[in-house]
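Open the model in your viewer and keep the selection panel at hand. This tour goes stop by stop.

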Amino acid sequence: MKGNLTIDIGNTSVKVAFFIGTQIAATNRFVRRDSRLLDRFISSYKPDTAIVCSTASSDASRRLEELAEQRCRRLVHMTHETPLPITLGYRTPSTLGRDRIATAVGAWTIAQRLDMDSDVLVIDAGTAITYDLVTSKGCFVGGNIAPGLGLRFKALHEHTGRLPLVQPDGDTPVVGYDTPTAIRSGVLLGLLGEIRSYIADLKLSYPNLMVFITGGDGKLLHERLDNEDIIYYENLAAEGLNRIYLYNAANETH
């Protein structure tokens with residue numbers, strides 16, 4: 001059965017997914033940009049078409065794109081000019097990360113299935129943490145970018161004389177009782193407070209707000225937020241890329 005391959009080339013990893021129509025059938029993540037792993041995934045699922053989104057500019061990412069182009073009948077390279085099922089209200093669309101666009105489209109697509117009147121906040125917790133707003137009518141309004149969880153821990157370690165590098169897993173008291181817990185609580189509770197504040201502020205203007213969280217640290221933050229109204233969805237970018245591909249395939253001129 002013919003399917004579509006989505007390839008999301010990020011700063012630290014490559015995420016791939018295989019779709020049959022709108023249904024996700026398989027996913028994988030490559031820690032290193034190794035074309036052999038992508039070749040193996042393509043050989044296993046034999047996608048007919050593919051769409052690639054890259055935030056990294058390197059020989060490794062170009063090799064992945066070339067491999068997909070060779071192995072698939074059609075490959076769409078996503079850029080800021082690629083037709084989208086949503087509109088961009090961002091003033092500088094050429095500087096808007098393709099991964100942010102894909103994730104926003106994925107969240108909006110899922111929200112439309114659940115409640116067509118909901119506006120959407122997308123929190124993507126990766127190397128950077130991004131907050132993006134899409135209206136119920138499908139307009140990407142904009143968003144904010146902040147240092148991700150790992151960057152916050154590294155900054156304290158690398159830009160101070162004696163503070164250790166602390167991992168997010170471990171005791172996180174409201175008041176730290178030693179240096180590691182003081183750092184962990186300061187970073188993690190501070191980020192959780194930041195997220196709650198963004199949600200509360202946006203709900204003043206968008207009361208029917210649906211909130212999604214994704215990204216490498218998305219699951220950890222979702223568990224710590226302990227809010228059943230926030231939806232953790234691991235494959236938002238893949239969902240968005242597949243939706244963008246289907247939108248272009250349906251609207252292409254013959």
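The stops below run from the whole chain to single residues.

**Before you start**

This is a predicted model, in which local features need pLDDT of at least 70 and side-chain atom pairs count only at pLDDT 80 or more, while totals for chains, interfaces and linings use all residues. Residues are numbered from 1 along each chain as its sequence is written, and side-chain values use heavy atoms, with hydrogens and water left out.

**Stop 1: the whole chain**

Show the cartoon. The chain has seven helices and eleven strands. Helices (H or I, at least four residues) and strands (E, at least two) are DSSP runs, numbered from the N terminus.

Now look at the overall dimensions. The C-alpha atoms fill a box of roughly 65 × 45 × 30 Å along the principal axes.

The chain exposes about 13100 Å², with carbon and sulfur atoms supplying 49% of it. Such areas come from the Shrake-Rupley method with a 1.4 Å probe; for residues, only the protein chains shown count as cover. Of the 254 residues, 46% count as buried. Buried means under 20% relative accessible area, exposed over 50%, and partly exposed in between (1.4 Å probe, protein chains only).

Contacts are next (heavy atoms within 4.5 Å). Among those between residues at least 6 apart in sequence, 57% join residues at least 24 apart.

**Stop 2: the six-stranded sheet**

Select E6, E9, E8, E7, E10 and E11, in that order. These six strands form an open sheet with mixed pairing. Strand E6 (87–88) and strand E11 (230–232) are the edges, each pairing on one side only. Two strands pair if DSSP finds at least two bridges between them.

Zoom in on strand E7 (residues 119–125) and strand E8 (residues 128–134). They pair in the antiparallel sense over six bridges. Pick isoleucine 123: its bridge partner in E8 is tyrosine 131.

Move across to E10. Here the sense is parallel: E7 and E10 pair over six bridges. Valine 120 has methionine 210 in E10 as its bridge partner.

Continue to E11. E10 and E11 run parallel, joined by three bridges. Valine 211 is the bridge partner of isoleucine 230 in E11.

**Stop 3: inside strand E10**

Keep strand E10 (residues 209–214) selected and show its side chains. How many of its six residues are buried? Six of the six are, so the strand is largely enclosed by the rest of the structure. Leu209, Val211 and Ile213 point one way, and Met210, Phe212 and Thr214 the other way.

**Stop 4: arginine 100**

Select helix H3 (residues 98–114), where arginine 100 lies. Is arginine 100 buried or exposed? At 7% relative accessibility, arginine 100 counts as buried. Show what surrounds it. Leaving aside neighbours within four places in sequence, arginine 100 is in contact with Tyr90, Thr130, Asp132, Phe140, Gly142, Gly143, Asn144 and Ile145.

**Stop 5: the hairpin of E2 and E3**

Select strand E2 (residues 14–20) and strand E3 (residues 23–30). They pair in the antiparallel sense over seven bridges. Phenylalanine 18 has alanine 26 in E3 as its bridge partner. Two residues lie between the strands of this hairpin, and glycine 21 takes a positive phi near 65°.

Stay in E2 for isoleucine 20. Isoleucine 20 is partly exposed, with a relative accessible area of 32%.

**Stop 6**

Most residues other than glycine have a negative phi. Two residues to check against that follow.

- Lysine 46 has a phi near 50°. Lysine 46 lies in the loop between helix H1 (35–45) and strand E4 (49–54), and is exposed at a relative accessible area of 61%.
- Aspartate 226 has a positive phi of about 50°. Aspartate 226 lies in the loop between helix H6 (218–225) and E11, and counts as exposed at 68% relative accessibility.
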